[in-house]
Each structure stands twice: as C-alpha cells, then as structure tokens.
Amino acid sequence: MKLGYKASAEQFDPRTLLEFGVLAEQGGFDSVMIADHFQPWKHTDGHAPFSFAYLAALGERTSRVELGTSVLTPTFRYEPAVVAQATATLAMLNPGRVILGTGTGEAMNEVPVTGREWPEYKERLARFREALTLIEQLWREDRVTFEGEYYRTLDATIYDRPADPPPIYIAAGGPRMARYVGRQGAGMICTSGKGIELYRDGLIPALVEGARAADRDPEQIERMIEVKVAFDSSRERAMEDTRNWAALALPAEAKSGVDDPRELERLALQLTAEQTASRWIVSTDPDEHVEQIKTYIDLGFNHLVFHGPGNDQAAFIERYSEQILPRLRKRTPAKIGYQFVGACNKFNEFVAQRHSSFGSQI
C-alpha cells in the first residue's frame, strides 16, 4: 500500500508547490504526483507550472518519495520521443523513483498549444497507443527508426536512459481503457467520486480481464486512484474549499472539448455548493474519514493519492500526517511496504517547519 500526495499544479505557483511536495515527504507520504497541464481548470488565480521542471526540482529536494505525472498526454503538444527523453533524464536523476503517468488528453491543454481541432476519441486513443509503443521502443533500443500512422523517427537514440525503464501508468475512465491497462500498463490511474459501480463492476474487472488475456498477473499491475478529500475541523470550511475545484464536478458532456479556462470557470460557477462537493469525501472526524477511504482499499486499490482542495496545503499535510495516514496504515498492516521509522524522525522536522518559517513565507 502506498499513500501519496497530489500536488495541485492548477492552484499554486511552482515555488509554493515545491515546498508542499517537500513537506509531503517529511510528513510521511510515499509519492508526489502532479498533473501535466498547460492551462488550469479555472482562469481566476489559476496556475500551470511545467510538470517535468517541477519533478526535477522536487527530486533534488527529496530522497524517498516516488515522483510522477498524473497525468501527461504524449500525443499532441509533445512528440513521444521528447517525452521519452525527458522521462529518462528524470529517472537517471532519481533512480527507481519515477512514474510516467499518461492519458489520452484534454482539449484545454492541447488545443491552445497546437491550434488544431480536437479529434474524436477514436483518433486520440490510436495516437496514444502508438505514442506509448514508440516511447518504450526508444527506452529499449539504441537506434530507432519508427514508421507509424502518426509518428516517425529516423535513427533516434535516447543517450541517457536508465537500465530499468520507468513504469508507464495509464489513466482509465472506463472498462475499455482498463482492459488496455491490463494488457500493456504497469499501473492504472483513475479518480474517486464517480460511483462505486464504476470501480467495482467496470474498471477492476476489466483490468483483470485484460491482464489475463495477455497472460499477465493482474496483481502485479499497480492500481492508483486519486482520492479527493476535504478533511478539516470545520465542515463549512471543508465544503467551501471544494469550490476551488468546482469544474471537476461538471458532467463530462458539459466540459468535453472546452479549451478555455474562462469558459470552464463560468460553467463551474453555476454549480451549487452541494454539487461542487459531490466528488469529494468531506468530513471532520478522522475515523469516519478513514472508513470512507477504506472503500477504495477494499476494492483493490493499492496506491491512494490524496488531493486536498484547500489553499492551506501545509495544514492539510499536517492533519493528514497526524490523523489519517497512521490510521490507514494501522488498518492495512499486511500490505504496507513502507519504512516508517525514518519518516517519524522527518515528521518532527516537518511539524517544526510548519509552525515556523514556512508559514510566514506563504
């Protein structure tokens, strides 16, 4: 079991976000994942730092946490070969700590950069599969001449690459992609709050089906889920914090193809507080909070990445480190492969830092 922290790139500037990632390691989180966005979910007070630059800086400031994208699209504004090079460099700098989380993309990140019309899902999926094939080939072979439908290389070489390539995780929003993860991916990434049936009857069975069809052990495929959590001593404050991410509550048909953060923000402002909070686990009691999270553990997810919506992320990290992470680890002792003793020492530093200079800086 891994318990990770989602660095909210759309909400904070890169320097502030970097400090949160450092605090997450000191507080006992096992991973720090960041979205690779060119534009945020809202225009007002929005941010969108470059994921590879952030992860490189975080790698130098930390020593233990896994570092990854959740998720990056290797098909439009990036050439797959560039993604292969960037990820390989990151993995060389941080051996055994890097995850390349990938997905088929969103219009708001790709259309403004490329100026192209957003294609139908069939093309996006075809491009995505071809891109992953090319990336993996570049990591394995010295001279790669690739002739695909969408991408081509001529005697391309990634000169600095690790002996063991980074694992590629794939975002799955439905059974079709989950089957593909089972056949090809090192891990699956999905998000919480979409109804238990999707995970229980859709994603997990499809992943297992795809793995078995490819003669793979489904238990060797990591199951990551971003769990959206608003945990605070005040329920009113926890509910209000979810407004920062109101666009996530929009139905897929309302935001599909929208490429302007101002339009997403306008649509999100029409939602009620209850609608905005519908994707989140909102609670004030740690035991109740853990019981709700445990639903995902019982479904078989073994890498939970927690996304808190509030602006005071240092307080969120401290609350989670003190009240939630220990409870989760206590409930799943047989599944934990985590060196907790060293983290306890670092946590003392984290608490001191939280109440001294860091708070004054931000």
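Student: Where is Gly-96 found?

Tutor: Gly-96 is found in the loop between helix 3 (80–93) and strand 4 (98–102). Helices (H or I, at least four residues) and strands (E, at least two) are DSSP runs, numbered from the N terminus. This is a predicted model, in which local features need pLDDT of at least 70 and side-chain atom pairs count only at pLDDT 80 or more, while totals for chains, interfaces and linings use all residues. Residues are numbered from 1 along each chain as its sequence is written, and side-chain values use heavy atoms, with hydrogens and water left out.

Student: Why is Gly-96 called exposed?

Tutor: Buried means under 20% relative accessible area, exposed means over 50%, and partly exposed is in between (1.4 Å probe, protein chains only). Gly-96 has a relative accessible area of 77%, so it is exposed.

Student: And what makes His-37 buried?

Tutor: His-37 has a relative accessible area of 9%, which is under the 20% limit, so it counts as buried. His-37 lies in the loop between strand 2 (31–34) and helix 2 (51–61).

Student: Which residues does His-37 touch?

Tutor: Contact means heavy atoms within 4.5 Å. Not counting residues up to four places away in sequence, His-37 touches Glu-10, Ala-48, Pro-49, Arg-77, Glu-106, Met-108 and Asn-109.

Student: What makes the approach of the His-37 side chain to the backbone oxygen of Gln-39 a polar contact?

Tutor: A polar contact is a pair of N or O atoms within 3.5 Å; within protein, one must be able to donate a hydrogen and the other to accept it, and residues adjacent in sequence count only if both atoms are side-chain atoms. The His-37 side chain reaches that oxygen at 3.0 Å, so the distance is within the 3.5 Å limit.

Student: What does the side chain of Asn-244 reach?

Tutor: A polar atom of the Asn-244 side chain lies 3.0 Å from the backbone oxygen of Pro-309. Asn-244 is found in the loop between helix 8 (235–241) and helix 9 (252–255). Leaving aside neighbours within four places in sequence, Asn-244 is in contact with Gln-11, Lys-42, Pro-309, Gly-310 and Asn-311.

Student: Let's turn to the rings. How many aromatic pairs are there?

Tutor: Rings of Phe, Tyr and Trp (its six-membered ring) pair if their centres lie within 6.5 Å; planes under 30 degrees apart count as stacked, over 60 as edge-to-face and the rest as tilted. By this rule the count comes to 14 aromatic pairs.

Student: Why is the pair of Phe-306 and Tyr-320 called tilted?

Tutor: The ring centres of Phe-306 and Tyr-320 are 5.0 Å apart and the planes stand at 50°, so the pair is tilted. Phe-306 is in strand 11 (residues 303–307) and Tyr-320 in helix 13 (residues 313–331), 14 residues apart, and the pair links distant parts of the chain. Both residues are buried. Phe-306 and Tyr-320 also belong to one aromatic cluster with Tyr-5, Phe-29, Phe-231 and Phe-316.

Student: How do you know that Arg-129 lies over the face of Tyr-180?

Tutor: A charge sits over a ring if NZ of Lys or CZ of Arg is within 6 Å of the ring centre and within 35 degrees of the ring normal. Arg-129 lies over the face of Tyr-180 at 4.7 Å from the ring centre, and Lys-228 lies over the face of Trp-280 at 5.7 Å.

Student: What makes the phi of Asp-45 worth a look?

Tutor: Most residues other than glycine have a negative phi, and most peptide bonds are trans. Asp-45 has a positive phi of about 60° although it is not a glycine. Asp-45 is exposed, with a relative accessible area of 63%.

Student: Is Asp-155 buried, exposed or partly exposed?

Tutor: Asp-155 has a relative accessible area of 38%, so it is partly exposed. Asp-155 lies in strand 6 and has a positive phi of about 50°.
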